[in-house]
Amino acid sequence: MEDVKLEFPSLPQCKEDAEEWTYPMRREMQEILPGLFLGPYSSAMKSKLPILQKHGITHVICIRQNIEANFIKPNFQQLFRYLVLDIADNPVENIIRFFPMTKEFIDESLQSGGKVLVHGNAGISRSAAFVIAYIMETFGMKYRDAFAYVQERRFCINPNAGFVHQLQEYEAIYLAKLTIQMMSPLQIERSLSVHSDSTGSLKRTHEEEDDFGNMQVAAAQNG
């Protein structure tokens, strides 16, 4: 396969005047990237509408499981565009399947000049995992570096062990996906041809071994 060089945008650096983290800030949302905020549900409650409007929020990703729907709600559907995901903060929950959907939602918002808030219940595990995944894929980062970047801005994040494992696995997945997207049809055809040839060669080798084995058996029987 011909080499395909992936190019990623530069990651915005931390503001020099960034506020020093204090414990009460876990109840508020923080701006992780320009226009991308991460926080708890308490930052998206009805009483926080003036703050959301002050920050220019236009889109919200609300992450909750069914049993939380009674108290974690998309409160401003007439004002903001929502993406509501049914996800439990459980290590066995499959979150990778939602990453492309959330990236598309965030990209569309930012490209249209909007701003996005991603929240779960506490803004620590589920929502943090999705923001980390977005940063990994957008800027071509490893999990550890993306985690550190987000934690600099929201110190209390702590995705559960299952989510961390999936985020580490996601690096290979998004790189493969982006590589295919960057490849020309001719490169893809050549790649498939090389794979087919190598598979065919391997098959022929096994067939030749079988034929040789059959010949040995026949010779022994005739002898």
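A crossing of two helices is left-handed if the near helix is turned anticlockwise from the far one by less than a right angle, and right-handed if clockwise. In this predicted model, α3 passes α4 in a right-handed crossing. Local features need pLDDT of at least 70 and side-chain atom pairs count only at pLDDT 80 or more, while totals for chains, interfaces and linings use all residues. Residues are numbered from 1 along each chain as its sequence is written, and side-chain values use heavy atoms, with hydrogens and water left out.

**Overall architecture**

- The chain has six helices and five strands, where helices (H or I, at least four residues) and strands (E, at least two) are DSSP runs numbered from the N terminus.
- Along the sequence these elements follow the order β-β-α-β-β-α-β-α-α-α-α.
- The chain comprises 223 residues, of which 41% count as buried; buried means under 20% relative accessible area, exposed over 50%, and partly exposed in between (1.4 Å probe, protein chains only).
- Of the contacts between residues at least 6 apart in sequence, 70% join residues at least 24 apart, a contact being heavy atoms within 4.5 Å.

**Helix packing**

- The axes of helix α3 (residues 126-139) and α4 come within 9 Å and cross at roughly 120°; axes are lines fitted to C-alpha atoms, for helices over the stretch in contact, and angles run from 0 to 180 degrees between N-to-C directions.
- That angle makes α3 oblique to α4, since angles under 35 degrees count as roughly parallel, over 145 as roughly antiparallel, 65 to 115 as roughly perpendicular and the rest as oblique.
- V131, I132, I135 and M136 of α3 meet Y143, A146, F147, Y149 and V150 of α4 in this contact.
- Helix α2 (residues 99-111) packs with α3 at an angle of about 75°, their axes being 10 Å apart, and the two are therefore roughly perpendicular to each other.
- Here the contact is made by F99, T102, K103, I106, D107 and L110 of α2 together with A129, F130, A133, Y134, E137 and T138 of α3.

**Aromatic rings**

- Five aromatic pairs are found in the whole structure; rings of Phe, Tyr and Trp (its six-membered ring) pair if their centres lie within 6.5 Å, and planes under 30 degrees apart count as stacked, over 60 as edge-to-face and the rest as tilted.
- One of these pairs is formed by Y143 and F147, which are tilted, with 5.9 Å centre to centre and 40° between the planes.
- Because Y143 and F147 are four residues apart in helix α4 (residues 143-153), about one helical turn separates them.
- Y143 is buried, at a relative accessible area of 11%.
- Y170 and Y174 form a tilted pair, with 5.8 Å centre to centre and 50° between the planes.
- Both Y170 and Y174 belong to helix α5 (residues 161-182), where they are four residues apart, about one turn of the helix.
- Y170 counts as buried at 2% relative accessibility, and Y174 counts as buried at 1%.
- F99, F130, Y170 and Y174 are linked into a cluster by ring pairs.
- R153 lies over the face of Y149, 3.6 Å from the ring centre; a charge sits over a ring if NZ of Lys or CZ of Arg is within 6 Å of the ring centre and within 35 degrees of the ring normal.

**Surroundings of V84**

- V84 is placed in strand β4 (residues 81-86) and is partly exposed, with a relative accessible area of 37%.
- Leaving aside residues up to four places away in sequence, V84 touches C62, R64 and P74.
- The C-alpha atoms of V84 and G120 are separated by 9.9 Å, and the two residues are 36 residues apart along the chain.
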